[in-house]
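Subject: Handing over the structure, with notes on what was found

Dear colleague,

Here is the structure that I promised to pass on to you. Please open it first and keep it beside you while you read the notes that follow.

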Amino acid sequence: MITADALRTTIHDSFEDIVSDLSGLVSIPSVSASSHDQSHVEASAARVAQLLEGAGLSAEILSVEGPDGVPGRPAVLAHRAGPAGSPHVLLYAHHDVQPVGDPQGWVQDDPFRAERRGDRLFGRGTADDKAGVITHVHALRALAALGGGLPCSVTVFVEGEEEIGSPSFEAFLTAHRDRLDADVIIVADSMNWKVGVPALTTTLRGVVQVDARLDVLDHALHSGQYGGPVMDAATAICRLVASCHDEAGDVAIPGLISRPEAEPGFPDYPEEDFRQDAGVLDGVELTGTGDLTARLWTKPSLTLIGTDITPLEVAGNVLAPSATARLSLRIAPGQDPAQALEALTAHLRAHTPFGARLTITGREAGPAFDGAQATDASRAALWAMSTAWQGEAVSVGQGGSIPFIATLKEVFPQAQVLVTGIEDPDTRAHSEDESMHLGELERIIVAEALLLARLGGALEP
């Protein structure tokens, strides 16, 4: 039998090794975007396999073709059997990372050289999601060190293409279904409520994305000679995007599910705390109506994430003949993504200004996740986090999307899916100066080890 104190001590005593392993993994620039060198993703997969083998698992690097026939990025699949009749737990994380963004936005010269400053470790991937990989590795190491084996059978699946939308994910699940099928699935890729307060994510918004192009002329025109009777495409696209919100800032697209009240049990989010966490400038009003957590987690939101409008440095006095806007629509739990895509498309067509020609391409849709119903595994997870942090854990939603979680539920409907937190409001995942709070990392590893021990019945009361 294993005790919570023994796990806590084992992980604490090895924590410098944990930080070293995370720093080494961060040093591999495993950006999965096709514009980057994919040999680094291969090197990252090899390092993850090595780490898992060091934790006593048998590991291999695998890849399958996506629906377009393109080979997927390398994933790592590792396994170690537990006692006969024990539960089978699947641990998920991903080893690929986002591009670094603006190099000037980083304090350190090299975003792939992990830098320890105070109680945080900075660098691309320190949190999202190489901390998730390290959590799995060292929770398993601690359990093996104390018990000689694992309390339950464990399979670890570390994906290499989450940051580009997991194009071969479903094909991978199908190809390796027997090996991945589990009683409990733990996804280490979400956010805790705040530093010092752990969280189990029970809802996630889905996502719909389109490129909307407007054409108004067959060539550019002098803005002085021809401006007035014809609206340039850039202004027209701004009017079209603006039609997607009402005066309060709520999404104004008919047919979308919207829950304006927070889910029972979700924590309150004071506006002052949100403004500080998000970096909202003084004087800027918050948009939308309803509970603040509902606006973040259970109501739709629409964002203009890109346009091809002429940059200032090459601007001329012309009427733009065409313009394209990339729109990202986050949809509430319970919303069918295909219906949301249809609703967005219908709205754009109905609000196209002045007869401009509208073309919609790049249609992408990812489902939401609703795991708010309590299960034996979720109760065990909340207990494990509360014990590791020595303070009460909470259940939260997230405004972001992890569409593959819904895919996991579809492929393995009997599995209990848990989404655990790695990040915190100061992490800045996907942004410059990403970091991981080291105190939180230690507690996350303790929590996962406790959870596995409890699921396997190896935890001493």
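Is arginine 117 buried or exposed, or does arginine 117 fall in between? Arginine 117 is partly exposed, because its relative accessible area is 24%, and on the scale used here buried means under 20% relative accessible area, exposed means over 50%, and partly exposed is what lies in between (1.4 Å probe, protein chains only).

Before going further, please keep in mind that this is a predicted model, in which local features need pLDDT of at least 70 and side-chain atom pairs count only at pLDDT 80 or more, while totals for chains, interfaces and linings use all residues. Residues are numbered from 1 along each chain as its sequence is written, and side-chain values use heavy atoms, with hydrogens and water left out.

The salt bridges

Arginine 117 forms a salt bridge with glutamate 115, their closest N and O atoms being 2.8 Å apart, where a salt bridge is a side-chain nitrogen of Lys or Arg within 4 Å of a carboxyl oxygen of Asp or Glu. Arginine 113 counts as partly exposed at 40% relative accessibility, and glutamate 115 counts as partly exposed at 22%.

A search of the whole structure finds 17 salt bridges. One of them joins the side chains of arginine 179 and glutamate 60, at 2.6 Å from N to O. Arginine 179 lies in helix H6 (residues 177-180) and glutamate 60 in strand S1 (residues 58-62), so this pair ties together parts that are 119 residues apart in sequence; helices (H or I, at least four residues) and strands (E, at least two) are DSSP runs, numbered from the N terminus. Arginine 179 is partly exposed at 37% relative accessibility, and glutamate 60 is partly exposed at 34%.

The two domains

The protein chain is divided into domain 1 (4-204 + 368-456) and domain 2 (206-277 + 294-366), with bounds that come from an automatic or database domain assignment. The centres of the two domains, taken over C-alpha atoms, are separated by 33 Å. Where they touch, 18 residues of domain 1 are in contact with 18 residues of domain 2, contact meaning heavy atoms within 4.5 Å. Domain 1 and domain 2 bury about 1300 Å² between them, 60% of it on carbon and sulfur atoms; buried area is the accessible area (1.4 Å probe) that two parts lose on being put together, summed over both. On the side of domain 1, Trp193, Ala368 and Ser401 lose the most area to domain 2, together 37% of what that side buries.

The count between the two domains is one salt bridge. Arginine 259 and aspartate 370 meet through their side chains in a salt bridge of 3.6 Å, N to O. Strand S8 (199-204), strand S15 (369-370) and strand S16 (394-398) each supply at least two residues of the side of domain 1 that touches domain 2, and S16 gives the most to that side, with five residues.

Two buried residues in loops

Lysine 299 is found in the loop between helix H10 (292-297) and strand S11 (301-307). Lysine 299 is buried, with a relative accessible area of 7%. A polar atom of its side chain lies 2.7 Å from the backbone oxygen of threonine 289. Leaving aside neighbours within four places in sequence, lysine 299 is in contact with residues including Asp250, Arg259, Thr289 and Arg330.

Asparagine 192 lies in the loop between strand S7 (184-191) and S8. Asparagine 192 is buried as well, with a relative accessible area of 2%. Again leaving aside neighbours within four places in sequence, asparagine 192 is in contact with several residues, among them Trp389, Glu423, Asp424 and Glu440.

One last residue

Alanine 43 is found in helix H3 (residues 39-54), and is partly exposed, with a relative accessible area of 36%. Alanine 43 and alanine 350 are 307 residues apart in sequence and 49 Å apart in space, C-alpha to C-alpha.

With best wishes

Definitions and conventions: A polar contact is a pair of N or O atoms within 3.5 Å; within protein, one must be able to donate a hydrogen and the other to accept it, and residues adjacent in sequence count only if both atoms are side-chain atoms.
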